[in-house]
Amino acid sequence: MHEETSLTVGRVNRVLTERIRPAIHSSRVPLEIAAHVLPGEPIAPADGLALDYEPFAAGSMWGPAWGTTWFRLRGEVPADWAGKRVEAIIDLGFDINMPGFQCEALAYRPDGTPLKSINPRNQWVAIEAEAGQAVAFYLEGASNPVLLDYHPFLPTQEGDIRTSSPEPLYRVRHMDLAIFETEVFELALDLEVLIELQAELPETSPRRMRILQALDDALDDLDLQHIVETAPAARAQLTDVLASPADASAHRVAAIGHAHIDSAWLWPLRETIRKVARTTSSMTTLIDEEPDFLYGMSSAQQYAWIKEHRPEVFARVKDAVAAGRFLPLGGMWVESDTVMPTGESLVRQFSHGQRFFEREFGIRSKGVWLPDSFGYSPALPQLMRRAGFEWFFTQKISWNQRNVFPHHSFLWEGIDGSRMFTHFPPMDTYNSQLSGSEVAKASRQFKENRKATMSIAPVGWGDGGGGTTREMTGKASRMASLEGAAQVEWKHPDAFFDDAKAELTDPAVWVGELYLELHRGTLTSQHATKALHRWAEQALIQAELWAATASVQLGTPYPYEELDRLWQLVLLHEFHDILPGTSIAWVHREAVEVLSDVLSDADDLASAARKALAGEGDRALVFTPTSVGGGRALGAAEVVSNPASASLTETADGFVLSNDLVSVTISAEGLITSAVDLASGRETIPAGRPANLFQLHQDFPNMWDAWDIDRYYRNRVDDLTAASSITASVEGGVATVVVERAFSESRLTQTIVLAPGSRTVLLRNDIDWHETEKLLKLAFPLDLFARETLAETQFGFQRRVTHVNTSWEAAKFETSMHRFVLAQEDDGFGVALVNDSIYGYDTTRDADGDDVTTTIRLSLLRAPRFPDPDTDHGRHEIEVGLVIGADAEIATAEGIRLNALPSVVRGANEVEPLVSVTGTGIVVSSVKLADDRSGDVIVRVYESLGRRTRGALDVSFAHTGIREISLIEDELEPARTGGELSLHPFEVRTLRIARG
C-alpha cells in the first residue's frame with residue numbers, strides 16, 4: 001500500500017480549520033450593541049449595569065490601555081431556532097495566540113449575576129432564552145494592553161496607566177447569537193484527539209495506520225457543504241478507534257483544572273482581582289456542566305479578593321468547594337517567591353493561608369502548590385513539614401538552561417535533613433491543553449517510569465486566559481482510556497500524591513536547593529521593592545516582640561488585627577513577580593508606596609509599645625530586638641557609655657582605620673587595600689587586588705530582561721576606581737571616610753565606617769542610579785582558599801562549593817543569600833559580607849602561582865528595560881559590612897545586627913525580656929502572641945550554625961508550661977514540653993508558653 005500519511009494529515013488539518021470549526025456555530029444573528037466607556041478606574045458591577053449606554057457598532061475600535069468599557073447586548077432568539085442550544089459569540093478583537101495577555105470580559109445577567117468570562121480561547125456565553133424570547137446581558141470589558149508581544153521584551157511605556165496611550169487598542173469583530181452544533185463540536189474534538197495521537201505513535205505502527213484510515217473514512221462521509229447534517233456519520237467512522245482501550249502499562253495522568261493567575265505581573269493588582277473573578281465565574285460554570293471535572297486554585301489572597309470585591313462569585317466558589325469540585329490548593333497566602341523572604345515570612349505565608357482556608361471552607365491544604373516560583377530555598381522541606389504539609393508540587397525547574405533535572409517524583413531533602421515528597425509534571429507545563437504532544441511527553445519523559453506510573457497535569461489557560469475549557473474536558477473524556485495514549489483522569493492532587501507515594505516506596509533523594517538555572521537577575525531587579533520588603537519584614541517582627549512584651553508586662557492591648565493586615569500586605573508583595581522585580585512599572589510604583597506605609601505603620605506599633613514599656617522619664621534606654629550580640633537581648637537597659645575610640649591615620653596613599661580588633665587601609669581612590677585581623681595577624685585582602693571595588697557590567701540577556709543575567713555579562717566590565725572626592729574624620733569615637741564617585745549617568749556616595757569594638761567595616765552606599773541595561777557589582781577579592789561559601793537562607797545557611805567541576809556548579813554563576821555570605825578556610829578563619837537589602841552574589845576562585853584567592857561580588861543594582869523601562873532609576877541606600885575574621889557564628893550575629901538595629905527611648909524603666917535563650921548557635925527568630933488570641937506567648941528559635949546544640953529557654957513571666965507546637969501553631973502529638981532545648985543542625989522549634 002502506498003504511503004499516504006502526509007495526505008491524510010494535511011486533509012484533516014485543512015478540513016478542521018476551514019470547514020468543521022467554523023461550523024460549530026452555524027446560523028448567526030447580530031446582537032444590538034450599546035457601550036459606555038469609563039473615564040477612570042473600574043466600578044462595581046451594580047454601578048456598571050446602571051450606566052447610560054450609547055449605540056456601538058461591530059467593527060468599531062474600543063478600549064484604551066487599562067480602560068474599562070461596559071457593553072449592553074440585546075437581541076431575540078429567532079423563532080425557528082426552537083430546540084437548539086443557543087450561544088452568544090463575542091470577539092472583542094482577540095488574538096487567540098495570546099490568552100491571558102490582552103483584552104478580557106466578564107458577562108453578567110441584567111440582575112448582576114456573573115455568567116462567565118470571555119477570552120480569546122473561550123468566546124461563548126450560553127443563552128438561557130427560548131426561541132422567540134428576548135436576550136439581554138452585559139459585558140465588563142477590560143482593555144489590557146499586550147505587553148509581551150510576538151517580538152517580546154521590547155521597552156514600553158504602556159506598563160503604567162500614568163504613561164500609557166489613550167488611543168483605543170481593540171476592534172470588536174462581532175457580537176452575535178448563534179446555534180451551537182453539538183455534533184460538529186464533538187466531531188472536531190474526535191478529530192483533534194486522533195490527529196494529535198497518531199503524530200506521537202511509531203511511523204508504521206498498526207495503531208497509527210488504523211487511526212489514519214479511520215480519519216480518511218470519516219472525512220469521506222463528511223459532506224463539506226453540509227457539515228451539520230453529516231457530522232454524525234463522520235463520527236460513526238471514528239467510534240472503533242476511539243473505543244480501543246489503553247494499554248495496561250499506559251502512563252496515568254492526574255488532571256486538575258487550573259488557571260495559573262499571577263497575582264501581579266504585566267497588569268496591576270486591581271486587574272488581578274478582576275482576572276480572578278472572571279476565571280472563577282467560568283470555572284464554577286464548567287463545574288456545573290461537567291460532572292467529573294475538578295478545578296484547583298491556590299492563593300488565599302485571591303479567594304479573599306473575590307470575597308471582598310465579588311461576593312456573588314465567592315458564593316458560587318464556596319458552594320463548589322463544599323461539593324468537593326473546587327479545590328483550594330497550596331495553603332499559602334500567595335504563590336510566593338521562596339528564595340528571598342525571611343523564614344518568618346514563609347511561616348506567615350503558611351499560617352495566614354491555612355487560617356483563611358479553614359475559616360472560610362473548613363479545610364486545610366495538605367500540600368504546597370508552587371508551579372512557577374524562580375527557584376526553591378533548601379530551608380523549605382523542613383518548614384513545609386513543620387507546618388503540617390505532606391507534599392510539594394512545582395514545575396519551573398524544567399526551564400533550566402543547561403541541566404535537565406533527573407527526577408519527577410522524589411524526596412527533597414533540606415538543610416536540616418527533613419525530606420518532603422515532591423513532584424514535577426513531566427509535561428513541563430502548568431498550562432496544559434491536554435494535547436496529544438503534551439500527553440505523550442508526560443509518558444515519554446517521566447523519569448520514574450521503571451517504578452511508577454503517574455504524573456500530574458495542571459490543565460487550563462492562565463493569567464486571565466480563562467482556565468480550563470470545554471475543549472480540554474472533552475479531550476480528557478476521550479483519553480480516559482485510549483489505545484496509544486496515557487490515561488487521563490480528573491483527580492484531586494491529594495489523591496494523586498497518596499497514590500504516588502504508595503507506588504514509589506523508595507524514591508530518589510535530591511539534597512539542597514532547587515536552583516533554577518534561569519531568571520538569576522530576579523535577585524537584584526527592582527531594589528526599592530526588595531529593600532522596603534526586607535525592612536518591613538524586620539519592622540513587623542520587632543512590632544510583634546515589643547507589643548507582646550507590653551501586653552504581658554503591662555496588659556496593653558495586642559494589635560492582632562493591625563498586625564494581620566500589615567503581614568498580609570507584606571505576604572502579597574512576596575508574590576513571585578513582585579518581590580523578584582519582574583512586574584510592570586505600575587506594580588512596583590504601588591509596591592513602593594504600600595511597603596513604605598507598612599514600614600511606617602509597623603514602626604509606629606513598635607514605637608508605641610516601647611514607649612509604654614519605658615514609661616515617663618529621661619533615662620536613655622536601649623531596646624535590643626535580637627537574641628544575638630550585645631545589649632539586653634529582647635529587652636531594654638540603660639545606655640552604657642563606651643570610652644573606646646577607633647583611630648584614623650592619614651597616609652601618603654590614603655587612610656588607615658583601626659580599633660582593638662581590626663586595621664583597615666583605604667587608598668586615595670577609596671578602595672580597601674588591606675584588612676587585617678589583629679588577633680591573628682591575618683591579612684584578608686590579596687596584594688594588588690583591592691576590595692570595595694565597584695564594577696559596572698553591560699547587562700543585556702538574550703530574553704527575559706528583568707529576569708535574566710546571562711553568563712556572558714562578565715566579558716565586559718568597567719572598574720569604577722576614580723573618586724571625585726574623599727574626606728575622613730573621627731566623631732564620637734567612630735572613624736569615617738566619605739568617597740564620592742561619578743560614573744556613566746550615575747553618582748554614588750559611599751561612607752566607610754569603623755566603630756570601636758567592631759570587626760565590621762560598614763559601607764553605606766547612597767547611589768543615584770540612571771543606567772540602562774547595566775549591572776552594578778561590588779567586588780571583594782579575599783586572601784582566602786575557600787572551598788565553599790556559606791550563604792544565609794531561612795533559619796540557617798546553605799553551602800555552595802566555589803569550584804565548577806560539573807555543569808551543575810558552573811550554572812550557579814549568580815546565587816542567593818539573605819543577610820550574609822561567608823568565605824572561610826579549613827581552619828575556620830574567614831570573611832563575611834553582610835547587607836541590609838540585597839540578595840545576589842557571585843563567587844570565583846583564582847590562583848596566582850601558589851596563592852589561591854576567593855572573590856565575592858555583591859549584586860547591587862540592575863537596569864533592565866522590560867517590563868519596566870525605568871527600572872530602579874533614582875536613589876538607593878544599600879548598606880554592606882565587611883566582617884574581618886569571621887566564622888558562621890560571627891557572620892550570623894553581624895547579619896542579624898545590621899538588619900535589626902537597637903532603638904534608644906527616653907524613659908524610666910529598664911525592660912526585662914519575656915524570654916531569654918542559652919546555648920551556642922540558638923537564635924530567637926520571633927516572639928509574639930498566639931494567633932488564637934488566647935494571650936499565650938509564641939517563641940520561635942532555630943539552630944543557626946549547622947551543629948547539634950543544647951540550651952534552654954528561660955521565661956520571665958508567670959506561666960503554666962511550655963510545649964512545642966507546629967510552625968502554624970497547631971498542637972503536636974506527642975508534644976515536647978519544658979524549656980530545655982536540644983536542637984539538631986538548623987532545626988526550627990516553635991514553643992507555646994501558656995500564661996499563668
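Me: Which element supplies the largest share of the lining of the second largest pocket?
Reply: That is α3, with five residues. This is a predicted model, so local features need pLDDT of at least 70 and side-chain atom pairs pLDDT 80 or more, while totals for chains, interfaces and linings use all residues. Residues are numbered from 1 along each chain as its sequence is written, and side-chain values use heavy atoms, without hydrogens and water.

Me: What makes a residue part of a pocket lining?
Reply: It has an atom within 4 Å of a pocket point, a pocket being an open set on a 1 Å grid, where a 1.4 Å probe fits, with protein on both sides within 12 Å along at least five of seven lines. In the largest pocket, 32 residues qualify, and Asn 642, Ala 755, Pro 756, Arg 897 and Pro 902 lie nearest its centre. At least two lining residues come from each of β24 (636-638), β33 (734-743), β35 (760-769) and α19 (888-899) (helices, H or I, at least four residues, and strands, E, at least two, are DSSP runs).

Me: Which residues of α16 make the contact?
Reply: Leu 563, Leu 566, Trp 567 and Val 570 do, meeting α15 residues that include His 533 and Leu 540 (contact means heavy atoms within 4.5 Å).
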